[in-house]
Amino acid sequence: MTPSRPSPALTGWRVLLALALVFTMLTTTGWTAVRHPGGPRDFLDAELAAWRKAKVSGRALPDTDSPPMRLAAFFASLDSTRSLGVADRFPLLVGNLNGAPVSLRYRANRTAIARSLESEVQRAKTARLTRDGRHQSMRRIHRFQALMRPERQILAFDPSGSGRAAEVFGDVERAERVSVIVPGVDTNLLTFQRSARKYSAPVGMAQSLYAAERAASPHTRTAVIAWADYTAPAGIGMDSVIGRLAKNGAVRLTRLIDALPGTSNIALFCHSYGSVVCGVAARALPSRVTDIAVAGSPGMRAGNVTELRAHARVWAMRDRGDWVEDVPHLQVGGLGHGEDPVAPEFGARVMSAAGAMGHSGYFEPGTESVANLAEIGVGSYSEVVCASEDTRCSSDIFEETAA
């Protein structure tokens, strides 16, 4: 029998960890931006400058970095006409303001996407682009066109650099339970959704989980957010084995959670490097976050569940064919992300990932992995299937909220 070769991704992790002290290696940032006149950054800078000078009913607009509660109070003080006026004048800002009403963000982002589409079409016609540049421009045009479909609820949209986005499935304002998917490496605006390998991208993950939750508990009002609104590492580079981007992402994730409307219970479903983001965010999350579930995790930047200092229950799963199993789970000098979350000594509730078939398959419809995630999402904890090594993963849970 011919031994299988390690995946390129696994080889990359081994090399990076072995050469951690060799600082001449190439690093990646995940944000390779090409500035061009009239581009996304110029639009955003113009909006920021105008926002700082603008007034509504004689009052200055709040700082865009204000806490969600302050921003929510500001918009609550406006009538519908003035709210719509602010959103239409500052679509890139309002569409990404945690604290602005969800419906207003949807409207603002539709305006921002339409403007970005028009700008990119003009750029493709007039700019002197390389062959690769033209290909990338056409991909952006197709992405913007897809995001413009009338049924889509875009909660966040930032076209600058590699881009960020978030989308809601269901009614997040009326939901009893909200699930947030936090994806990993190579997540950006162009990979937000895919035609091939659909369920390895945030949109496909969210669609699959939302369908599985509705099947698991038809009478539970659920919503799922595909959250790609942080700067993820680009490929298996230095950024993927340190915590810098995870720390920045954790701040953004916490702000999202703080701004979600209503009193719904919230569960986080964190894949690959997304589990690093969730691990860093864990201690700052509010108590309405009841569950954190990680899949294919390289670590949560902790030695065990206790070190996470999370109020939430912590779940973990990994498919037997996932290359991340062979990643050295350690943390030395800021490199690596700590203990393996499925290891007994970590202390997570380890559940089955049957059917996942590798690192990118945890949300494939019909798999036991996505079914388990859905049971957590709707609160049917007794229905979760544990991994064969741990038959007690769903014990000592007394909150059964699903119908």
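Trainee: So two strands pair if DSSP finds at least two bridges between them. How many bridges join β5 to β6?

Mentor: Five, and the two strands run parallel. The names come from DSSP runs numbered from the N terminus: helices are H or I with at least four residues, strands are E with at least two. Before we go on, this is a predicted model, where local features need pLDDT of at least 70, side-chain atom pairs count only at pLDDT 80 or more, and totals for chains, interfaces and linings use all residues. Residues are numbered from 1 along each chain as its sequence is written, and side-chain values use heavy atoms, with hydrogens and water left out.

Trainee: Got it. And what does β5 do with β7?

Mentor: They pair in the parallel sense too, over six bridges. Take Ile-181 as a landmark: opposite it in β6 stands Ala-226, and its bridge partner in β7 is Phe-269.

Trainee: Is β5 buried or exposed?

Mentor: Six of its six residues are buried, so β5 is largely enclosed by the rest of the structure. Buried here means under 20% relative accessible area, with exposed over 50% and partly exposed in between (1.4 Å probe, protein chains only). Arg-177, Ser-179 and Ile-181 point one way, while Val-178, Val-180 and Val-182 point the other.

Trainee: Zooming out, what's the strand order in the sheet?

Mentor: It's an open sheet of eight strands, β3-β4-β6-β5-β7-β8-β9-β10, with mixed pairing. β3 and β10 (349-350) are at the edges with a single partner strand each, so one side of each has no neighbour in the sheet. At the β3 end, four bridges join β3 to β4 and the two run antiparallel; Ala-156 stands opposite Ala-166 in β4 there.

Trainee: Which helix sits between β5 and β6 in the β-α-β unit?

Mentor: That's α8, and the unit is right-handed. The test is to point the strands away from you: right-handed means the path from the first strand over the helix to the second runs clockwise.

Trainee: How far does α8 reach?

Mentor: 21 Å from first C-alpha to last over residues 202-216, close to the 21 Å expected for its 15 residues. The expected span is 1.5 Å times one less than the number of residues.

Trainee: What covers its buried residues?

Mentor: The cover includes β4 (164-170), β5 (177-182), β6 (222-228), β7 (265-271) and α12 (368-378). Among the buried residues of α8 are Val-203, Met-205, Leu-209 and Tyr-210.

Trainee: Switching to rings: how many aromatic pairs are there?

Mentor: Five. Rings of Phe, Tyr and Trp (its six-membered ring) pair if their centres lie within 6.5 Å; planes under 30 degrees apart are stacked, over 60 edge-to-face, the rest tilted. Trp-51 and Phe-90 have centres 5.1 Å apart and planes at 80°, so they're edge-to-face. That pair links distant parts of the chain, 39 residues apart: Trp-51 is in α2 (residues 40-53) and Phe-90 is in the loop between α4 (80-89) and α5 (91-94). Both Trp-51 and Phe-90 are buried. Phe-144 and Phe-157 also pair edge-to-face, at 5.8 Å and 80°.

Trainee: Where do Phe-144 and Phe-157 lie?

Mentor: Phe-144 is in α7 (residues 131-147) and Phe-157 in β3 (residues 154-158), so the pair ties parts 13 residues apart in sequence.

Trainee: Which arginine lies over the face of Tyr-381?

Mentor: Arg-313, at 4.4 Å from the ring centre. Arg-349 lies over Trp-315 at 5.7 Å. The rule is NZ of Lys or CZ of Arg within 6 Å of the ring centre and within 35 degrees of the ring normal.

Notes
Contact = heavy atoms within 4.5 Å.
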